[in-house]
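Welcome, and thanks for opening the viewer. Let's walk through this structure one selection at a time.

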Amino acid sequence: MPSISGSIQEELTSYEIERNKPMPSLNHSAIQTNLATYLNYHFRKKYTILSEITLVMPEKPDAIPDLAIYPKIKIDYFEDQLAMEEMPLTAIEISSPSQSDSFIVKKINRYFEVGVKSCWFVMPSLQAISVYSEKGKYQFFSADMTLVDPVTGIELPLSEVFAE
């Protein structure tokens, strides 16, 4: 009989293999919820905010950003899609404890290679977000600042993202 920690490790491994991404943490989940809620409430007339949608990439594996921002999409509840072939305007990645910064930056670079226009790298432990407008070019926003994405025009007070 496996130990409790062994069972958790098996679940984590299964989750990570299935989704090709690390198991989210409490902080990750709370921040993702705060971001999705704020973005949807303030920008849903102009953009469609999608959580955990698979992006079909030219080179495998496909990618699953934590959040993706698209120009407004008409949702057809009778015809669902399992994955998006069209790339979002913005991909948002929230760092998890098991990920390195270089891993996230590689994902961001990959998004730019397929036509994503901006990427957000959310760093929970720093209460900060870097907004990339191209490979290697970003603006750093800390907890007391208002994020501005030049691609979408979205302005977001980071106090809303890192709220308790």
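**Starting with the whole chain**

Along the sequence, the pattern of the chain reads α-α-β-β-β-β-β-α-β-β-β-β-β-α. That gives four helices and 10 strands, where helices (H or I, at least four residues) and strands (E, at least two) are DSSP runs numbered from the N terminus. You are looking at a predicted model, in which local features need pLDDT of at least 70, side-chain atom pairs count only at pLDDT 80 or more, and totals for chains, interfaces and linings use all residues. Residues are numbered from 1 along each chain as its sequence is written, and side-chain values use heavy atoms, with hydrogens and water left out.

**Strand β7**

Now select residues 128–134, which form strand β7.

Find M123, which stands opposite A128 in β7. Four residues separate the two strands of this hairpin, and Q127 in the turn has a positive phi of about 50°.

Next, select strand β8, residues 137–142. β7 and β8 are antiparallel too, over six bridges, and I129 has F141 in β8 as its bridge partner. In their hairpin, with two residues between the strands, G136 takes a positive phi near 75°.

Key. Buried < 20%, exposed > 50% of the residue type's maximum accessible area, 1.4 Å probe, protein only. Pairing = 2+ DSSP bridges.
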